[in-house]
Amino acid sequence: MPDKIEQLEQALALTGYEFAHHGWSRAPGTEYGTWSEESADDLLGNGRHIERATVVTIDLFTRDASRTPRQKVEEQLEALGCPWRLDSINYESDTGLIHLYWRVSLYGQN
Amino acid sequence: MAKIELDGFETYISQLTALKADSLKTCKAIVYPGAAILADAMRSEVAGLATITDTKAKNNYQHNNINAHLSESQKAGLVESLGITPIGRDRKGMIQCSVGFSGYNGVRTQKHPEGQPNAEVARSLEKGTSYLKRDAFATRAVKAARSSAEAAMQSEADTQIQRIMDANG
């Protein structure tokens, strides 16, 4: 069974958008998606890392102002079964892009 | 019939009354050391931000290339404008203040002929944009300062309460 990181990659591929790993920043105005590992979110106890988890950030820059992009990504995150939250939605007035930003905690990687 | 005598009860009531009377002033004094610690942590994070030269940033903009970091002038704007708002009571009744950025930097653009708003530059870096990689410097500052800020406010609360109790004892 693929590990959680691989499962996330597969889940993002199913959204229909292209997400590059650490693929931050394209030519201004370009629609794109990117995801990156950011930090650990391990469960600690008895001086041990009882369960390991990785916080992953997902960013989607799109011109689609409907709920579709959000629904497509969040359906896949729900199917993944890991806690996630939509951190922010921001309209970039200079590029016309909408920036959706999620944070996911991928646990169960022991 | 049993008789109960309470010593110092009136003193205790007067101490509580004094605490209540001065509560806003006391709470503001308690918030201040926490804000100062957070501001120091934020200043340290801003000082450590990587930059590119203004010329390179302008060149990137003109050639539709992305910027990996803030320009020197954008960073200078954050350094100069970092401050603490006056401590006050918000609409929910919480006594608090904000550590953040104000005013405009020296980068004049078509969209911002008077300079870019420093708060907007800070937000762009904190959350990332399609052309600027995210660097959550403010989140790091809060994480670094949280426990020591809480401890400083707890210590100040103990000091302030003791001072009022002693003055009315």
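To start with, what percentage of the residues of chain A count as buried? After that, please look closely at how helix α1 and helix α2 of chain A pack.

Analyst: The model is a predicted one. Of the 110 residues in chain A, 24% count as buried. The C-alpha atoms of chain A fill a box of roughly 50 × 25 × 20 Å along the principal axes.

Chain A has 2 helices and 7 strands, and from the N terminus their order is α-β-β-β-β-β-α-β-β. Among contacts in chain A between residues at least 6 apart in sequence, 53% join residues at least 24 apart.

Now the two helices. Two packed helices are described by the angle between their axes and by the distance between those axes. In chain A, helix α1 covers residues 4-13 and helix α2 covers residues 68-80. Their axes are 9 Å apart, and the packing angle is about 150 degrees. Angles over 145 degrees count as roughly antiparallel, so α1(A) and α2(A) are roughly antiparallel to each other. The crossing of α1(A) and α2(A) is right-handed.

On the α1(A) side, the residues that meet α2(A) are A:Q7, A:L8, A:A11 and A:L12. Their counterparts in α2(A) are A:Q76, A:L77, A:A79 and A:L80. By class, the residues of this contact divide into 6 nonpolar, 2 polar and no charged.

Notes. Residues are numbered from 1 along each chain as its sequence is written. Chains are lettered from A and ligands numbered from 1 in the order in which they are written. This is a predicted model: local features need pLDDT of at least 70, side-chain atom pairs count only at pLDDT 80 or more; totals for chains, interfaces and linings use all residues. Axes are lines fitted to C-alpha atoms, for helices over the stretch in contact, and angles run from 0 to 180 degrees between N-to-C directions. Helices (H or I, at least four residues) and strands (E, at least two) are DSSP runs, numbered from the N terminus. Angles under 35 degrees count as roughly parallel, over 145 as roughly antiparallel, 65 to 115 as roughly perpendicular and the rest as oblique. A crossing is left-handed if the near helix is turned anticlockwise from the far one by less than a right angle, and right-handed if clockwise. Two residues are in contact if their C-beta atoms, placed from the backbone, lie within 7 Å. Ala, Val, Leu, Ile, Met, Phe, Trp, Tyr, Cys and Pro count as nonpolar, Asp, Glu, Lys and Arg as charged, and the others, Gly among them, as polar. A residue is buried if 20 or more other C-beta atoms lie within 10 Å of its own, exposed if 12 or fewer, and partly exposed in between; C-beta atoms are placed from the backbone.
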